[in-house]
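Hi everyone, thanks for making time this morning. Let me put the model up on the screen, and then we'll walk through it together.

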Amino acid sequence: MSTTVAPPRERKRETLERAVVRFCGDSGDGMQITGSQFTNTVALYGNDLATLPDFPAEIRAPAGTLPGVSGFQVHFSSSDVYTPGDSVDALVAMNPAALKMNLSDLKPNGILIVNLDNFQETDLRKAQMSTNPLEDHSLDGYRVFPVELTKLTRAALKDLGLDAKSMDRCKNFFALGMCYWLYNRSMETSLRWIEDKFKAKPQLVEANRTAMRAGYSYCEATEAFQITYEIPPAKLSPGVYRNVSGNSALAMGFVAASQKSGLPLFLGSYPITPASDILHELSGYKNFGVITFQAEDEIAAITSAIGAAYGGSLGVTSTSGPGMALKTEALGLAVAVELPLVICDIQRGGPSTGLPTKTEQADLLQALFGRNSEAPIPVLAPATPGDCFWMALEASRIAIKYMVPVIVLSDGYLANGAEPWKIPKVSELPEIPVKFETDPEGFRPYRRNPRTLARPWAIPGTPGLEHRIGGLEKQDVTGNVNYEPLNHERMVHLRAEKVAAIVEDVPDVVAAGDPSGDLLIVAWGSTFGPVTAALRAQRAKGRRIGHVHLRHLNPLPKNLGDVLMRYDRVLVPEMNMGQLVMVLRAKYLVDAVGYNKIQGKPFKQSEIEQKIEELLD
Amino acid sequence: MSTLTLPLPYTKKDFQTDQEIRWCPGCGDYAILSAVQSVFPELGIPKEKFVVISGIGCSSRFPYYMNTFGFHSIHGRAPAVATGLKITRPDLEVWVATGDGDSLSIGGNHTIHMLRRNVGLKVLMFNNRIYGLTKGQYSPTSEIGKKTKSTPYGTADRPFNPIALALGANATFVARSVDVFQQHLKETLRKAAAHKGSAYVEILQNCNIFNDRAWESLTEKDARSEHVVQLEQGKPLVFGRNRDKGIRLNGLNLEVVSVGNGKTERDLLVHDEHNRQPAYSFLLAHMEEQPGFPTPIGVFRSWPDVPRYEENIAAQIRDVRAKRGPGDLAKLLCEGDTWEVRP
């Protein structure tokens with residue numbers, strides 16, 4: 001196939017600072033692949049970007065229906081990108097259901113590409129539409145491009161000897177080819193990806209490549225688009241970049257922690273959305289000696305990790321809210337036996353099974369307090385997908401240094417969202433020193449390091465260090481079972497002081513924006529993007545606002561109380577009913593107000609801005 | 001460094017701790033503890049390599065009384081803690097102490113999955129058919145109709161047969177012994193220790209406070225020979241005060257026959273613990289439930305050559321490393337498509 005089927009025509013090429021493209025269709029239409037391909041291409045071109053995959057919990061809801069709609073949004077720009085974009089410049093809708101579910105996010109006069117072949121009466125019925133939107137003028141405010149995606153793809157592939165179903169599976173690449181043309185992007189990266197992905201099936205390599213080229217050529221040959229767009233590369237700080245999602249970054253971070261500490265990595269995990277990718281990725285890293293154990297349940301996942309930590313491995317377990325609930329008792333055990341352990345909770349909407357594929361931040365109080373009795377655990381929260389890498393390292397370092405379980409609170413949006421990530425040099429990574437106890441002379445299992453209050457890590461197999469640990473209360477220093485009232489109180493205090501002492505390793509917060517002023521926004525986790533974008537926009541309007549983004553939620557940074565006092569008002573946007581705001585009000589007696597969104601979707605920049613204006617005007 | 005590769009002159013005393021033992025006087029657990037402390041010194045394993053892991057219950061206090069590495073974990077989870085330890089530290093000799101409630105009720109899931117995976121753990125399941133530490137509720141091995149604190153009108157649920165459960169989970173070593181049969185118990189522990197994969201040993205144990213004499217029909221001196229048949233490798237199944245009764249296989253049924261009157265031991269079923277036919281060990285496991293049949297003790301099944309889970313894991317890592325070379329962190333970080341932004 002040639003990419004030039006017609007002489008190039010004169011068309012207008014417009015240069016833009018940013019664009020937001022969303023691909024949506026049936027969950028079987030390959031929208032996630034299409035979106036990630038487009039993402040890779042713009043990333044390699046040098047744009048800054050953020051993505052928002054949005055898919056249903058059902059693997060394949062009935063084709064063409066509203067619950068089966070899957071989408072992938074990419075925001076790319078020649079300047080900084082903090083969010084996947086509030087609204088969409090170009091929407092590709094593979095069927096009426098996708099159109100119905102996504103149209104409200106398309107900007108006025110935005111580009112709308114629809115698969116004309118899927119707008120038959122039965123398709124409309126499945127999407128619960130009484131009239132055809134392509135005919136009833138409801139789309140008059142947009143630039144609509146109805147394309148016979150199915151027919152054109154079949155025509156392009158007719159000589160390859162594929163059945164109709166296989167040909168139809170390639171139509172997403174036809175649409176992708178169109179978008180590459182629209183945004184002046186080379187197909188090279190995706191052509192290579194297809195070749196690699198389907199290398200076992202050369203026929204599919206040929207089919208998908210042909211479909212994509214056909215989509216590109218279609219735009220070139222027809223008068224469809226009068227205009228194409230150019231988004232120049234962003235001025236990112238110098239370095240080598242790759243795209244990374246939060247879950248990939250976490251997985252790599254743990255491998256890095258294993259390498260820097262010299263400890264073998266053990267992951268005990270039970271499949272759960274949206275955390276499973278951590279298990280998938282780490283299971284591929286066997287050449288790093290990583291052992292992944294797909295346990296029989298969430299409880300075995302964490303207790304096996306505790307067993308591995310007991311033996312001197314870096315023990316990690318990954319899960320989401322419902323699994324976190326099941327691990328609760330074992331978390332208490334880890335607190336009592338004081339072994340290093342990292343627990344990743346990739347939060348999703350709840351309660352109970354809730355919204356498995358949608359994001360939320362409502363496990364904060366569970367992470368901080370959700371155990372029987374006094375069982376303090378340090379809690380970290382990455383701010384961006386790339387930050388997940390650093391938080392995995394930091395959580396491992398703290399766990400080992402202080403002999404404690406550490407919780408990493410990520411969420412569905414960070415887990416699946418991607419951003420360009422500046423690849424660090426191995427030499428830039430923090431060292432993670434490990435000292436196993438080896439000296440039997442005067443060895444006591446609960447004799448603490450006076451500075452960190454950590455007990456010794458005395459692993460089985462070390463001669464002379466035979467000792468017993470367990471969930472029963474222990475005597476201070478000796479670790480022998482002990483039920484005396486004052487000893488118990490002392491141990492409760494020691495465990496709390498040990499976690500509090502970690503504050504020495506928590507960097508002071510420095511507010512972004514104004515160092516003092518009318519409003520401080522305190523946020524954590526994946527709200528980093530929209531808050532940062534809103535802050536910039538509002539400061540540009542002359543408002544005096546600061547932003548503190550907490551990556552350490554327990555212990556909180558030492559200077560946080562002082563920083564809070566430097567502003568007239570404090571706003572805490574969270575994807576929950578107001579959990580961090582409750583902690584801040586309780587701890588600092590500050591009259592912070594919450595701004596809460598619990599829709600399974602990240603905040604939009606505009607929503608945060610509106611709230612700021614509401615508070616300050 | 002000490003020279004621990006030489007023969008190890010341990011005695012029972014080396015495995016005793018200075019901790020006050022807090023089992024009730026007369027508890028069957030003392031006998032089990034004594035047997036284990038007698039057998040460990042014989043195994044030729046450096047003391048620091050032993051780890052005893054338990055869950056919750058009277059039996060699970062076991063690690064505190066063993067002068068080895070020990071981990072008293074949470075209810076039912078000992079097999080999972082032990083699995084995490086054993087697959088990351090195959091060099092260790094990991095034993096699990098558990099009970100009928102810990103292993104078969106709250107920890108049932110971990111028990112069956114540990115057994116199907118064939119992790120190299122030895123499990124001592126103390127079966128006293130009652131919850132002792134919580135003061136007398138029925139357990140998953142309590143006989144139907146049993147009146148306990150939580151079942152004043154008798155239990156309504158059928159009990160587990162722990163041996164059959166372990167066999168059903170495809171365990172590679174399943175045995176039964178009795179707390180007071182010290183020699184038999186020690187011999188069974190030695191066999192379990194020699195088995196490389198998961199070894200599941202049910203130990204019939206008396207709780208003299210909440211379920212006294214639960215196993216009396218087997219342990220009473222006079223009744224013992226009538227009610228117990230010993231499974232011995234390569235030997236016919238003979239029992240009875242005068243060794244005058246035997247078990248015969250007839251089709252898919254077992255029958256009790258009298259030896260004598262023309263029937264000799266040669267007509268009886270000869271025990272083969274290595275028999276790979278699952279039905280064989282199941283027949284033995286369920287024998288006691290039929291009227292007139294004795295309760296078998298000894299090794300029901302021993303499949304020594306089934307690969308262990310931790311071996312398979314290690315082999316996979318070796319293979320991948322051989323194929324792809326050892327992991328290179330710098331390369332990993334740069335995997336996939338990358339681009340450079342120049343100053």
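Let's begin in chain B: which residues of helix H9 (residues 278–286) are buried? Ser281(B), Leu284(B) and Ala285(B) are, where buried means that 20 or more other C-beta atoms, placed from the backbone, lie within 10 Å of the residue's own. Looking down the axis of H9(B), these buried residues fall within an arc of 100°, so they line one face of the helix; the arc is that of the directions from the helix axis to the C-beta atoms. They pack against helix H5 (162–168) and strands E7 (173–178), E9 (228–231) and E13 (295–302) of chain B.

A quick word on conventions. This is a predicted model, where local features need pLDDT of at least 70 and side-chain atom pairs count only at pLDDT 80 or more, while totals for chains, interfaces and linings use all residues. Residues are numbered from 1 along each chain as its sequence is written, and chains are lettered from A and ligands numbered from 1 in the order in which they are written. Helices (H or I, at least four residues) and strands (E, at least two) are DSSP runs, numbered from the N terminus.

Over to chain A. Strand E5 (residues 88–93) of chain A is mostly covered, with 5 of its 6 residues buried. Strand E2 (residues 18–26) of chain A pairs with E5(A) in the parallel sense over 4 bridges; pairing requires that DSSP finds at least two bridges between the strands. There, Cys24(A) stands opposite Ala93(A). E5(A) also pairs, again parallel, with strand E6 (residues 106–115) of chain A, over 5 bridges, and in E6(A) the partner of Ala90(A) is Ile111(A).

Now, how do the chains meet? The contact takes 58 residues from chain A and 54 residues from chain B, with two residues in contact if their C-beta atoms, placed from the backbone, lie within 7 Å. On the chain A side, H11(A) gives the largest share, 9 residues. Strands take part too: E9(A) and strand E14 (residues 338–341) of chain B pair in the antiparallel sense over 4 bridges, and Tyr241(A) stands opposite Trp339(B).

Besides residues up to four places away in sequence, which are not counted, Ile306(A) touches Gly315(A), Ala330(A), Leu333(A), Ala334(A), Leu339(A) and Leu341(A), plus Val81(B) and Gly84(B) from chain B.

That's my tour, so over to you!

Notes
A residue is buried if 20 or more other C-beta atoms lie within 10 Å of its own, exposed if 12 or fewer, and partly exposed in between; C-beta atoms are placed from the backbone.
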